[in-house]
Amino acid sequence: MASDRLAGRRAVVTGAASGIGAATAARLRADGAQVFTADVQGEVDFVADLTAPDANARLVDAAVNAMGGLDTLVPCAGISAFHPLEGHDDAYFLRVIEVNLVTVFRLIRDAVPHLKAAGNGRIVTIGSTTSSFGDEGLCAYSASKHAVLGLTKSVAAELGPFGVTVNCVQPGAIATPMTAPAFSDMPEFRTFWENKAALRRLGQPADIADVIAFLCSDDARFMSGHGVWVDGGAMVRH
Ligand code: NAP
């Protein structure tokens, strides 16, 4: 349901051409925020491969120019990765870390002066259930998502005195273009996650976007440094 609870907020959402990022941009707008969107492709305000060394600094400049300031960051851009340890080459591992972790670090770092100036900044990073657990074939992805949670906690400690809250949403299995190939190629994988969730279904992008919007709102003003599981109750079951 739309509201005006984010009126006055000026947000950057990355990965906004698809999946969770697209749903988040729509949700933040529906709640009254100005949103500046970025992705490597698609109908967004800023198109770039965010792993380029200066891309996040340019994104911050463009967003501040377009909106007159910046107080909210939701770095959703990411890639999935599955590879067994044997034959897992350095370039593949480093690419996953660069996209899923280093771009998040750079966006936050490059936006710090604006977040401090805002006085009530919000950062919501996107972890995963693999921010807390590992699994076969997920060494690069899980390492990147554990690190995003660690980054979140340290940034929360450092920016808290400036009124900035920093939290990490940890989605379960969500039906997005990222997961679509695996769910269609391996129906048993889809069924596994549907059955593992206490709610007995996959998540939808809006299930995550709605929690992100809450964390960006004043209702979440005393909440910082946490990983927030949004997994339909999957990980409380064994
Ligand atoms: P998605 O639909 O694939 O959206 C991710 C977007 O990020 C895509 O548009 C992608 O572009 C873009 N992107 C990838 N690399 C980029 C780069 N270097 N620079 C700029 N943009 C880039 O995936 P999603 O499922 O919404 O995932 C969003 C976030 O949620 C990710 O961080 C993901 O790890 C996390 N997550 C997802 C799930 C899930 O089950 N779906 C679960 C836990 C966590 P391309 O399509 O061209 O690559």
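Reader: What does Thr103 touch, leaving aside its neighbours within four places in sequence?
Author: Thr103 is in contact with Leu50, Thr51, Asn56 and Glu98, where contact means heavy atoms within 4.5 Å. This is a predicted model, so local features need pLDDT of at least 70 and side-chain atom pairs count only at pLDDT 80 or more, while totals for chains, interfaces and linings use all residues. Residues are numbered from 1 along each chain as its sequence is written, and side-chain values use heavy atoms, with hydrogens and water left out.

Reader: Where is Thr103 found, and what makes it count as buried?
Author: Thr103 is found in helix α3. Its relative accessibility is 6%, and buried means under 20% relative accessible area (exposed is over 50%, partly exposed in between; 1.4 Å probe, protein chains only). So Thr103 goes down as buried.

Reader: How do you know that α3 is roughly parallel to α4?
Author: Helix α3 (residues 90–118) and α4 pack at an angle of about 15°, with their axes 8 Å apart. Angles under 35 degrees count as roughly parallel (over 145 roughly antiparallel, 65 to 115 roughly perpendicular, the rest oblique), so roughly parallel it is for α3 and α4. The residues of α3 that meet α4 include Phe93, Val96, Leu101 and Lys116; on the α4 side, Tyr141, Leu151 and Leu159 are among them.

Reader: Switching to rings: how many aromatic pairs does a search of the whole structure find?
Author: The search finds 3.

Reader: What makes the pair of Phe133 and Trp229 edge-to-face?
Author: Their ring centres are 6.0 Å apart and their planes sit at 65°. Rings of Phe, Tyr and Trp (its six-membered ring) pair if their centres lie within 6.5 Å; planes under 30 degrees apart are stacked, over 60 edge-to-face, the rest tilted. So Phe133 and Trp229 are an edge-to-face pair. The two are 96 residues apart: Phe133 is in the loop between β5 (122–126) and α4 (139–159), and Trp229 is in strand β7 (residues 227–230).

Reader: Why does the pair of Phe192 and Trp193 count as edge-to-face?
Author: Centres 5.2 Å apart, planes at 85°, so Phe192 and Trp193 are edge-to-face. As for accessibility, Phe192 counts as partly exposed at 46%, whereas Trp193 counts as buried at 16%.

Reader: How do you know that the charged end of Arg190 sits over the ring of Phe183?
Author: The charged end of Arg190 is 5.9 Å from the ring centre of Phe183. The rule asks for NZ of Lys or CZ of Arg within 6 Å of the ring centre and within 35 degrees of the ring normal. Lys116 lies over the face of Phe162 too, at 4.4 Å from the ring centre.

Reader: What about the phi of Arg200, and why is Arg200 called partly exposed?
Author: Arg200 has a positive phi of about 60° although it is not a glycine. Its place is in the loop between α6 (187–196) and α7. Relative accessibility is 47%, so Arg200 counts as partly exposed.

Notes: Helix = DSSP H or I, 4+ residues; strand = E, 2+ residues; numbered from the N terminus. Axes fitted to C-alpha atoms, helices over the stretch in contact; angles between N-to-C directions.
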